[in-house]
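Please look over the chain below before reading on. The paragraphs after it are meant to be read with the model open.

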Amino acid sequence: MKMRKWLPLVLAAGFATLSLAGCGGSEQENLSEVENNPQFNYRLGYDVTALGEPDENVVVDGVLDDEVWQDKAFYSSGFNEDTTGDQYAHYRMTAFPTEKGVWIGAEAKDTNIRRYNDYGSFAPERNTGWELYFFCLPHGADQNKTQPVSIRQCFHVDVNGNVLSTTSMSALAAVHLDGEPNSGETVGASFEMFIPYSALRIDTTEGTPEYFNILPIYRAFLPGTTTISRTNLWPFPWIYTPAFYRFDTDGYTSEDAPDATVGDAPSGFAKSANWDVSRESEKIVESKGAMWQFIFFRDLYADKFIMKATVELKGTLASCDIEPRAGLMVMDSLQNYYSFMLDHRNLKNGKIENALTFTTRTYRVSGTSPDPNKSEVSPIPISAPMQKVKLALVKNGATLSYYVNGQKAFETTQNDFMYNVYAGFYVDKANAVFSDYAASAYSSEVELLQLANEYGITIQ
């Protein structure tokens, strides 16, 4: 059994306290000078008397080798540009609430870790590291309810060993670096952090929180670049609190199973938050009602493919969500996407009546809103109310052909998506269930017809 080791590395006041002007300096490391210069020393001690001791048996040294981390589910992420999934940096993160506070741990595999001591050895645009946007709600709170922006907290962690709070938070933490920074031959980095409920201003009178919510971002130098890149999913509204990634006592609440069909993208870029993947082995996943959600076919990245899913549009769960839609999408490596969605106007008494109405949506990262281009697809008659609709997409280069209940309903040419793309499900403010899903790339017309027959689709 390990003994606790206290490393008073951490804490800082907000960005407002960081005097960045005139702090340029060279890019040569001079950490001892920074350590000894009070002007740039943001490492404050962890006040055990005021904040209490952590309640887990963890050696806070930045290495996730303690027993408590071993059985936790991890969120994982890579970069969309890395279509093979093994060229760029990848990281994984977990968190879990305990009786006294919240533990957060993360590990990165990164062969190009860089660090400099500019701005007091902390420069978000110059150092490899993490940005953590997070919030914690009291026991019994509705996690899907919209929360004010003011509840968000933020930590920045860099490979210099700095853990800085832009919202004047307190925590005990340590960072571990594996390899020589700036060498291009690093192995990775990791950190451990404990945040007491007193620092989170959480009243535990009625019990400890069931969940902890994080939007983590990893800052890395991609091959051939000299500036930081982030693992952002641009359409994902990080200020929309119901969509933060969720962690409970077992860690990440929607970790992919090793043999899952849908979940994270082939690159390792993770699905957006609020997906229930507990029934994925039955080919059932459910979006839990928070805005703009993505989930990907894990092994698909191609210019020619066929995919299908049965969609049940149940309505909404989050209090601020209106006009729900859900359907299929393609997304390129730049995160532009095109979607074909069953429309909320079909819903009546929990079933789809009258006619099927669909909405298409294109999002480009250079746009200013999630729906700069939107058009409605002509209604498709149905003979009787239905609970579920079968959707399918056949992609052949720039041609996207959509099928509804086995019959061709809509075709469009999208030159922006003519090459290899990711594919999956897109949900707009909806509680939707996707089931009986499958996807496969094809290389010939014969292979396509065989797959279409297997999927119950009549190619036209």
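Predicted model: local features only at pLDDT ≥ 70, side-chain atom pairs only at ≥ 80, totals over all residues.

Residues are numbered from 1 along each chain as its sequence is written, and side-chain values use heavy atoms, with hydrogens and water left out.

Helices (H or I, at least four residues) and strands (E, at least two) are DSSP runs numbered from the N terminus. In helix 6, residues 445–455, the buried residues are Leu448, Leu451, Ala452 and Tyr455, where buried means under 20% relative accessible area, exposed over 50%, and partly exposed in between (1.4 Å probe, protein chains only). Because these residues cover an arc of only 100 degrees around the axis, they lie on the same side of helix 6; the arc is taken from the directions from the helix axis to the C-beta atoms. The buried residues of helix 6 pack against strand 17 (304–315), strand 24 (389–396) and strand 28 (431–441), with contact meaning heavy atoms within 4.5 Å. The face turned away from the buried side of helix 6 carries the exposed residues Val446, Gln450, Asn453 and Glu454, and helix 6 is followed by Gly456, whose phi is positive, near 75 degrees.

Strand 5, residues 153–158, is mostly covered, since six of its six residues are buried. Gln153, Phe155 and Val157 point one way from strand 5, and Cys154, His156 and Asp158 point the other way. Two strands pair if DSSP finds at least two bridges between them. Strand 4 (residues 129–135) is joined to strand 5 by six bridges in an antiparallel arrangement, and Trp130 has Val157 of strand 5 as its bridge partner. Three bridges join strand 5 to strand 6 (residues 163–165), again antiparallel, and here the bridge partner of Val157 is Val163. Strand 5 and strand 6 form a hairpin with four residues between them, and Gly161 in the turn has a positive phi of about 100 degrees.

How many disulfides does the structure hold? The structure holds zero disulfides, a disulfide being a pair of cysteine sulfur atoms within 2.5 Å. Cys154 is buried, with a relative accessible area of 4%, and Cys136 counts as buried at 10% relative accessibility.
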